[in-house]
Amino acid sequence: MKLTTKLLAASAIVSASAAMATDLEVTHWWTSGGEAAAVAELAKAFDASGDHWIDGAIAGSGGVARPIMISRITGGDPMGATQFNHGQQALELVQAGLMQDLSEVADAGHWRDFINPINLLDACTVDGKVYCAPVNIHSPEWLWLNNHVYENLGLPVPQNWDEFVASAPQVRAAGIVPLALGDQPWQSSLAFGAMQVAIAGIDAWRAVNVDHNMDVAAGPEFAKVFQAAADARELAVGSNVGDWNLATNLVITGQAAGQIMGDWARGEFAVANQVAGVDYSCLPGLGNPDVWLSTGGDAFYFPKLNDADKTAAQMRLAALLVSPEVQVAFNLKKGSLPIRGDVDLSAADVCMQKGLSALAEGHMVPGGDMVWTPDTQTQVGDLMVEFWKSDMTAEDAQARWVAILQND
Ligand code: GAL
């Protein structure tokens with residue numbers, strides 16, 4: 001073959017592969033140490049597949065990032081893909097016809113055969129069409145404890161909420177904050193949500209969060225929840241941090257003894273080289289032996305783009321996100337559980353194993369993001385901030401909470 005023909009052939013191959021290497025801007029709010037390590041696995045996989053991940057990290061919690069994502073999509077400046085939580089957060093964008101239908105990719109990839117629990121795919125489905133690729137299962141209902149704080153005080157590491165509260169006076173006397181809590185609405189809502197499952201119990205929790213039974217919401221089981229929240233309010237005095245991962249850092253460094261936070265906190269312990277079961281303990285369901293976790297977590301949605309190459313790259317990314325290899329690499333770093341059961345998680349630590357057990361037992365219920373409208377969730381969040389920053393009584397808080405839920 002003459003040199004010129006070879007060069008032409010080579011340049012054709014380069015241009016073809018270059019044409020295949022499509023840039024996609026991906027927005028998300030994963031900016032803490034553990035989150036960044038996890039999202040780097042997604043970027044690495046997408047780049048290795050021949051396309052190019054343009055990272056669009058937005059600092060701050062989901063409450064800060066989501067309005068930015070939504071305004072870009074509705075304002076005609078869409079990204080290639082964006083994170084939202086499982087549930088209704090992108091529903092209005094889908095109903096406005098702004099989001100890409102992924103049904104072809106989901107059908108070709110037989111997603112319905114392996115996504116577990118299937119309610120994650122149902123949460124992506126609107127009028128029979130699939131609009132998101134679920135990437136993980138996060139559950140908020142965990143208590144994280146610094147083992148060394150208790151060992152240094154000659155105390156046993158608490159195994160449940162009651163033991164945690166009982167040991168708090170000795171922790172406080174040692175100049176350590178018993179409960180680390182960042183002062184953002186979603187964090188106090190999360191703590192309250194975790195207490196609902198752990199303290200009211202699964203039957204009362206279902207009655208309210210699934211059946212929307214307001215008599216139970218106003219009843220004695222939830223009175224116990226609000227009393228526990230009032231106790232936690234005292235235990236959190238002195239936290240003085242904002243972002244959730246700064247509160248986690250208080251626990252990692254021994255400035256605080258514990259934190260109620262989702263299992264994404266595990267990613268922070270990991271990047272700080274803390275060993276689960278040695279340096280820290282993780283109590284799913286806040287240590288209630290009847291562990292029930294809610295399926296929170298994340299999915300990627302894809303705005304419609306009038307660019308055939310980018311649309312094809314969106315489909316490739318959606319398929320990649322649910323693939324076994326990416327599911328393992330991402331979730332091990334993220335602290336979450338995979339959205340499929342047919343992957344090898346032998347590298348999972350004792351905390352991830354606890355989450356996997358609850359999943360295997362089917363002890364998972366829909367997350368708040370999937371049960372209440374975003375507006376209700378915002379109102380509950382605002383109530384929680386007010387409650388946590390005031391001396392509002394547990395009784396008053398319960399009455400106001402019921403009033404909000406009644407208008408969902
Ligand atoms: C949640 C999200 C998690 C975690 C957390 C804190 O909404 O599902 O992935 O990142 O926010 O940022």
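Good morning. The structure is a predicted model, in which local features need pLDDT of at least 70 and side-chain atom pairs count only at pLDDT 80 or more, while totals for chains, interfaces and linings use all residues. Residues are numbered from 1 along each chain as its sequence is written, and side-chain values use heavy atoms, with hydrogens and water left out.

Let me begin with helix 13 and its neighbours. Helices here are DSSP runs of H or I with at least four residues, strands are runs of E with at least two, and both are numbered from the N terminus. Axes are lines fitted to C-alpha atoms, for helices over the stretch in contact, and angles run from 0 to 180 degrees between N-to-C directions.

How do helix 9 and helix 13 cross? The axes of helix 9, residues 161–173, and helix 13, residues 220–235, come within 11 Å and cross at roughly 25°. That angle makes helix 9 roughly parallel to helix 13. As for the terms, angles under 35 degrees count as roughly parallel, over 145 as roughly antiparallel, 65 to 115 as roughly perpendicular, and the rest as oblique. The crossing of helix 9 with helix 13 is left-handed; a crossing is given that name if the near helix is turned anticlockwise from the far one by less than a right angle, and is right-handed if clockwise.

Contact means heavy atoms within 4.5 Å. From helix 9, the contact is made by Trp-161, Phe-164, Val-165, Ala-168 and Arg-172, and from helix 13 by Ala-228, Ala-232, Glu-234 and Leu-235. These residues divide into 7 nonpolar, no polar and 2 charged. In this scheme Ala, Val, Leu, Ile, Met, Phe, Trp, Tyr, Cys and Pro count as nonpolar, Asp, Glu, Lys and Arg as charged, and the others, Gly among them, as polar.

At 11% relative accessibility, Leu-235 counts as buried, where buried means under 20% relative accessible area, exposed over 50%, and partly exposed in between, with a 1.4 Å probe and protein chains only. Leaving aside neighbours within four places in sequence, Leu-235 touches Phe-164, Val-165, Ala-168, Arg-172, Val-177, Pro-178 and Leu-179.

Next, helix 20, residues 374–388, packs with helix 13 at an angle of about 55°, the axes being 10 Å apart. The two helices are therefore oblique to each other. Here Phe-226, Ala-229, Ala-230, Ala-232 and Arg-233 of helix 13 meet Met-384, Phe-387 and Trp-388 of helix 20. By class, this contact has 7 nonpolar, no polar and 1 charged residues.

Helix 13 also packs with helix 21, residues 394–406, at about 120°, with the axes 9 Å apart. Helix 13 and helix 21 are therefore oblique to each other too, and their crossing is right-handed. Phe-222, Ala-223, Phe-226 and Gln-227 of helix 13 meet Ala-394, Ala-397, Gln-398 and Trp-401 of helix 21. This contact divides into 6 nonpolar, 2 polar and no charged residues.

I turn now to aromatic rings. How many aromatic pairs does a search of the whole structure find? The count is 16. Rings of Phe, Tyr and Trp (its six-membered ring) pair if their centres lie within 6.5 Å; planes under 30 degrees apart count as stacked, over 60 as edge-to-face, and the rest as tilted. The rings of Trp-30 and Phe-330 have centres 5.5 Å apart and planes at 40°, so the pair is tilted. This pair links distant parts of the chain, 300 residues apart: Trp-30 sits in the loop between strand 1 (23–28) and helix 2 (33–48), and Phe-330 in helix 17, residues 324–334. Trp-30 is buried, at 2% relative accessible area, and Phe-330 is buried at 1%. Together with Trp-53 and Phe-300, Trp-30 and Phe-330 form one aromatic cluster.

Finally, the backbone. Most residues other than glycine have a negative phi, and most peptide bonds are trans. The bond from Asn-116 to Pro-117, however, is cis, with omega near -5°. Pro-117 lies in the loop between helix 6 (111–114) and helix 7 (119–122). His-110, in the loop between helix 5 (103–108) and helix 6, has a positive phi near 55° and counts as partly exposed at 49% relative accessibility. Asp-127, in the loop between strand 4 (125–126) and strand 5 (129–130), has a positive phi near 50°. Is Asp-127 buried or exposed? At 77% relative accessibility, Asp-127 counts as exposed.

Thank you for your attention.
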